[in-house]
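Please keep the sequence and the 3D view open as you go.

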Amino acid sequence: MLKFFFFNAVHLSGTKYGCGVGGCGACTVMISTYDPVTKQIQHRPANSCLFPICSLHGAAVTTVEEVGSIKPRIHTIQERLAKCNGSQCGFCTPGKVMSIYALLRNHAEPSMEKIIAALDGSLCHCTGYRPITDSYTSFAREPTCCQLRATGQCCLDEEEHVCSSSTGGRVSYIKVFHFLLFIHSGLCNTEEFPPVDPTQEFIFPPELIVG
Ligand code: FES
Ligand code: FES
């Protein structure tokens, strides 16, 4: 697989090996391909522990080493995670950084739903998810939650009615969980973070643009 045969050989140790079966997200890298039909470059996160090398023909692989480092500087994704206390032992951090990096390469201002979906399958055993979502909430465009809970105008108020039925409890729980993610804990000041600067990102290798 990609992780074993490639990264180890060129001493790129940032990508981590956790479960080895696609369950933890620690080994996430970004795969970029060029679509000759739409003439668009597509970026997507991938678990390198499962990714067959033979499927990478014409694709560019970006590891966490290319996103940012202490020399010359870390990427704002890494800075936000660090300043919001979203990294402790750091084992899961490269995978989380790569998941959000791939998202931002496709969507400069993602919705909160997209951010939460991007972190799905990316596990952390020590920090917890509150500081991690806090740090990445700052990339979202205006939150879509109405903040009008208990006024009768919020979708969650409607869910309380559904919750009292025999089948609605689970749906309501998921909505409440998402609602909580929209509320920033205030443990870090997101206004101090530098913005994402797309002009500083690596470009897709021109030699892979064919067709
Ligand atoms: Fe856990 Fe790859 S090592 S998903
Ligand atoms: Fe330790 Fe996430 S910071 S596993």
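Y34 has I41 as its bridge partner in strand 2, and strand 1 and strand 2 pair in the antiparallel sense over 8 bridges. Strands here are DSSP runs of E with at least two residues, helices are runs of H or I with at least four, and both are numbered from the N terminus; two strands pair if DSSP finds at least two bridges between them. This is a predicted model, in which local features need pLDDT of at least 70 and side-chain atom pairs count only at pLDDT 80 or more, while totals for chains, interfaces and linings use all residues. Residues are numbered from 1 along each chain as its sequence is written, and chains are lettered from A and ligands numbered from 1 in the order in which they are written.

**The strands**
- In the hairpin of strand 1 and strand 2, 4 residues lie between the strands, and K39 takes a positive phi near 60°.
- Strand 1 also pairs with strand 3 (residues 60–62), in the antiparallel sense and over 3 bridges.
- There, V61 of strand 3 is the bridge partner of I31.

**A closer look at I41**
- I41 sits in strand 2, which covers residues 40–47.
- I41 counts as partly exposed because it has 16 C-beta neighbours inside 10 Å; buried would take 20 or more other C-beta atoms within 10 Å, and exposed 12 or fewer, with C-beta atoms placed from the backbone.
- Leaving out residues up to four places away in sequence, I41 touches S32, Y34 and F204, where contact calls for C-beta atoms within 7 Å.
- F51 is 10 residues from I41 along the chain, and their C-alpha atoms are separated by 19 Å.

- Not counting residues up to four places away in sequence, Y101 touches M30, V67 and I77.

**Helix 6 and the whole chain**
- Helix 6 (residues 130–137) is mostly covered, with 7 of its 8 residues buried; among them are I132 and Y136.
- The protein has 8 helices and 3 strands, in the order α-β-β-β-α-α-α-α-α-α-α along the sequence.
- Of the 211 residues in the protein, 28% are buried.

Methods
Contact = placed C-beta atoms within 7 Å.
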